[in-house]
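Please examine the sequence and the three-dimensional structure shown here. The paragraphs that follow lead from the aromatic pairs to a helix, a sheet and a nonpolar core.

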Amino acid sequence: MSENIIEIRNLTKKFVMQRRHYGMKNILLHLPQYIKDRTNAKVFTALNNINLDIKPGERIGLTGHNGCGKTTLLSIIGGVYNRYQGTCKVRGKVSMMLALGAGFCMQLSGRENIALNGILQGKTRREINGLMKDIIDFAEVGDFIDAPMYQYSSGMQARLGFGIITAIEPEILLVDEVMAVGDANFREKCGERMKKLLENGTTLILVSHNQSDIDRYCDRVIRLDHGKLVSDQKKESTAEKI
């Protein structure tokens with residue numbers, strides 16, 4: 001039995017719904033009010049006692065209504081959040097795309113953002129340069145590759161972001177509704193890129209409300225409801241799945 005690539009035990013994540021933002025200066029000047037606000041603040045439980053094992057190469061579809069905790073779970077697995085109850089052990093290199101523009105510096109060009117993201121993912125300058133043409137060709141942004149990111153459309157951001165995270169060939173790929181913003185041609189290119197990664201053993205966790213994407217890419221479906229894991233089912237293999 002292979003070792004789990006992700007192990008989650010008793011995972012709970014809560015957010016304090018504080019109306020007023022306090023910096024250090026405001027805390028010192030308004031300490032009684034700060035204590036009162038913290039004491040009376042509402043707490044939102046985004047994840048509630050999640051237990052989950054994922055093996056290398058599994059293809060997980062993460063589903064549930066908006067606000068059920070899907071993106072929060074991906075964010076913890078990807079290391080975005082580090083304050084929570086329970087444990088989340090990840091054994092492998094992670095690439096993730098949780099939102100359009102996430103990980104991009106909007107003042108830098110597309111080319112500069114490729115280099116920046118590659119370095120953040122642990123690649124050397126030489127390795128990034130070797131991947132540069134493939135990423136640019138995939139993104140199809142033309143001369144915009146040397147324009148600042150704030151000039152990019154949402155589709156251009158999606159193509160460039162997806163091109164970067166998949167070109168790096170991670171052991172674990174986290175994707176949150178990114179393909180929903182693209183046109184038919186972009187979705188087909190994503191499919192070919194995903195097929196290559198999955199055939200090479202990449203572990204996938206895909207958040208999507210599109211059942212056809214779940215059917216195509218995933219062999220296991222996990223459903224969250226109000227922060228709780230309510231369903232975890234293996235899917236029967238189909239001829240159409242990549």
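**Aromatic pairs, helix, sheet and core**

In this predicted model, Tyr-81 has a relative accessible area of 28% and is therefore partly exposed. Phe-15 likewise counts as partly exposed, at 27% relative accessibility. The structure holds three aromatic pairs. One of them is formed by Phe-15 and Tyr-81: the ring centres lie 5.5 Å apart and the planes stand at 70 degrees, so the pair is edge-to-face, the class for planes over 60 degrees apart. The two residues come from distant parts of the chain, 66 residues apart, with Phe-15 in strand β1 and Tyr-81 in the loop between α3 and β4 (85-90).

A further aromatic pair, Phe-138 with Phe-162, is stacked, with 6.0 Å from centre to centre and 25 degrees between the planes. This pair also links distant parts of the chain: Phe-138 belongs to helix α5 (residues 125-139) and Phe-162 to helix α6, 24 residues apart. Both Phe-138 and Phe-162 are buried.

Helix α6 itself deserves attention. Of its 14 residues, 13 are buried, so the helix is largely enclosed by the rest of the structure. After α6 comes Glu-169, which has a positive phi near 55 degrees. The helix lies across β5 and β6, and runs at about 170 degrees to β5.

Six strands form an open sheet of mixed pairing, in the order β5-β6-β7-β3-β8-β9. Its edge strands, β5 (94-97) and β9 (228-234), each pair on one side only. On average, neighbouring strands are turned by 15 degrees against each other, direction ignored. Strands β8 and β9 run antiparallel and are joined by six bridges; in β9, Leu-229 is the bridge partner of Leu-224.

What remains is the nonpolar interior. In soluble globular proteins, nonpolar side chains tend to be buried together. The largest nonpolar core here has 24 residues, and those with the most contacts inside it are Ile-6, Ile-8, Leu-62, Leu-73, Ile-77 and Ile-205. At least two residues of this core are supplied by each of several elements, including β1 (6-17), β2 (42-54), α3 (70-77) and β7 (203-207). Leaving aside neighbours within four places in sequence, Ile-6 is in contact with residues among them Leu-52, Ile-54, Ile-77, Val-90, Ile-172 and Ile-205.

Technical notes. Residues are numbered from 1 along each chain as its sequence is written. This is a predicted model: local features need pLDDT of at least 70, side-chain atom pairs count only at pLDDT 80 or more; totals for chains, interfaces and linings use all residues. Side-chain values use heavy atoms; hydrogens and water are left out. Buried means under 20% relative accessible area, exposed over 50%, partly exposed in between (1.4 Å probe, protein chains only). Helices (H or I, at least four residues) and strands (E, at least two) are DSSP runs, numbered from the N terminus. A nonpolar core is a set of buried Ala, Val, Leu, Ile, Met, Phe, Trp, Tyr and Cys residues joined through side-chain atoms within 4.5 Å. Contact means heavy atoms within 4.5 Å. Two strands pair if DSSP finds at least two bridges between them. Axes are lines fitted to C-alpha atoms, for helices over the stretch in contact, and angles run from 0 to 180 degrees between N-to-C directions. Rings of Phe, Tyr and Trp (its six-membered ring) pair if their centres lie within 6.5 Å; planes under 30 degrees apart count as stacked, over 60 as edge-to-face and the rest as tilted.
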